[in-house]
Amino acid sequence: MDSSIRLGRIAGVPVGLNISVLVIVAILVFGLAFGRFPAVFPGSPTAVYLLAGLVTAVLFLLSLLAHELAHAVVARRHGIDVRRITLWLLGGIAELRGEPRSPGADLKIAVVGPLTSLVCAVVFAGVALLAAAAGGSPLLVGVFAYLAGVNVLLAVFNLIPAAPLDGGRVLRAALWARWGDRTRAAVTAARAGRGFGYALIAIGFLQVVMGRGFDGLWLALIGLFLVNAASAEEQQARLGTALHGLRVGDVMSDRLVVADPEERVSTLIEQAVLRHRLSTYPLVDPYGRFAGLVTLNRIRAVPAEARPVTRLRDIACPAEEVPSARPDEPLTELLTRMGGSADGRAVVIDPGGRLVGLLTPSDVSRIVQTAGLRAGDPYPGPRGADLAAPYEERDRPGGHRDAA
């Protein structure tokens, strides 16, 4: 979920809005301004209702942000990096680069979100009571009362024991503690999430048939999201087990062709690309430090007439945006950090700071396809060759980078 609008950093975590969040803002503003507020609190001008609706929508988004920030802060306290927080059509997402190392950590990260929503509900309810006691307008009291109720519903809905909802994480943590098997617990929680998603889709379809089209479509949309997210979580859990024990050094490509950041694009094409036919070329400065990553996609994006004068450093993915790891690091931890990275690649650095390898989409595809072939894997990875194309096609002429 990309952040179309970046809002900066809060508590060290990048925060942004996906453009789809404008849909929920519009629904809230117009639904409240021309529906609920005039019906419950009649007698005010339309402009006042619109202002009240806008204030309600903004405060609702801030409460969503507080919910996700709570997840992020607790996750970071347990050693899990947080890539970013994004508010979008169906709520908010805190993207974690890693997994909790214990059921207790998993539980704390999960429950803090709904608890924060309940705290927001208490705060809004308190403001509503104070406004009423101070003789504030019924509409003003109604705005904060509505926000209190919505946050209670948000907390309750998120505590439903179905992944990827927070309640699904609570279920996973409880089963993990009971069984001592995180993968089994994660698969069970994901299946519960998929079942709940299908139930929402069915209820939404029935509402459409009964004439409540908008409510039904909204429920079906949420259900579809839950089904897809839960299925992805189940696959990730199974893959994590299949890759258990593998180190980055077992999978990385050590066939490196490096280039100088000041070198021209045309020179790299003539001296390296056409000769070695690799998809990725690390940049190393005169002091031997990793300085960025150039891929065929980035090279192809440079017009032919500009290649003789364009430096590699000008088109490279900056070093700080490329995930890095040591050869002895567990592969699953690096794959988590690679998710959403600019070019889907990582560099491998030895303890002395020397660049020793790369992990490319082709390497990932290859290990995914063979992950379930080891004897005794209780949860084999995806089968067949259907995962090869999304990774390997990225750097072939005509391939679509976003398709992966």
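**Close-up views of a predicted protein model**

**Figure 1. Overall view of the protein.** Among contacts (heavy atoms within 4.5 Å) between residues at least 6 apart in sequence, 62% join residues that are at least 24 apart. This is a predicted model, in which local features need pLDDT of at least 70 and side-chain atom pairs count only at pLDDT 80 or more, while totals for chains, interfaces and linings use all residues. Residues are numbered from 1 along each chain as its sequence is written, and side-chain values use heavy atoms, with hydrogens and water left out. The protein contains 14 helices and 9 strands, these being DSSP runs numbered from the N terminus (helices H or I with at least four residues, strands E with at least two). Its C-alpha atoms fill a box of roughly 75 × 55 × 45 Å along the principal axes. Of its 404 residues, 45% count as buried, a term that stands for under 20% relative accessible area, with exposed meaning over 50% and partly exposed lying in between (1.4 Å probe, protein chains only).

**Figure 2. Ser 20 and its contacts.** Ser 20 is located in the loop between β2 (13–17) and α1 (21–40). Because its relative accessible area is 17%, Ser 20 counts as buried. The side chain of Ser 20 makes a polar contact with the side chain of Asn 18 at 2.7 Å; such a contact is a pair of N or O atoms within 3.5 Å in which, within protein, one must be able to donate a hydrogen and the other to accept it, and residues adjacent in sequence count only if both atoms are side-chain atoms. A polar atom of the Ser 20 side chain also lies 3.0 Å from the backbone nitrogen of Leu 89. When residues up to four places away in sequence are not counted, Ser 20 touches Trp 88 and Leu 89.

**Figure 3. Ala 128 in helix α3.** Ala 128 belongs to helix α3, which spans residues 103–133, and it is buried, with a relative accessible area of 6%. Leaving aside neighbours within four places in sequence, Ala 128 is in contact with Val 141, Phe 144 and Ala 145. The C-alpha atoms of Ala 128 and Asp 254, which are 126 residues apart along the chain, are separated by 63 Å.

**Figure 4. An open sheet of three strands.** The strands of this open sheet follow the order β7-β8-β9, with mixed pairing. Its edge strands are β7 (324–325) and β9 (355–359), each of which pairs on one side only; two strands are taken to pair if DSSP finds at least two bridges between them. β7 and β8 (residues 346–349) pair in the parallel sense over 2 bridges, and Ser 324 stands opposite Val 347 in β8.

Figure 5. The peptide bond from Ala 163 to Pro 164 is cis, with omega near 10°, and Pro 164 lies in the loop between α4 (138–158) and α5 (166–179). Ala 11, although not a glycine, has a positive phi of about 55°; Ala 11 is found in the loop between β1 (5–10) and β2 and is exposed, with a relative accessible area of 55%. Arg 277, likewise not a glycine, has a positive phi of about 55°. This arginine lies in the loop between α9 (265–276) and β5 (280–284), and Arg 277 counts as exposed because its relative accessibility is 65%.
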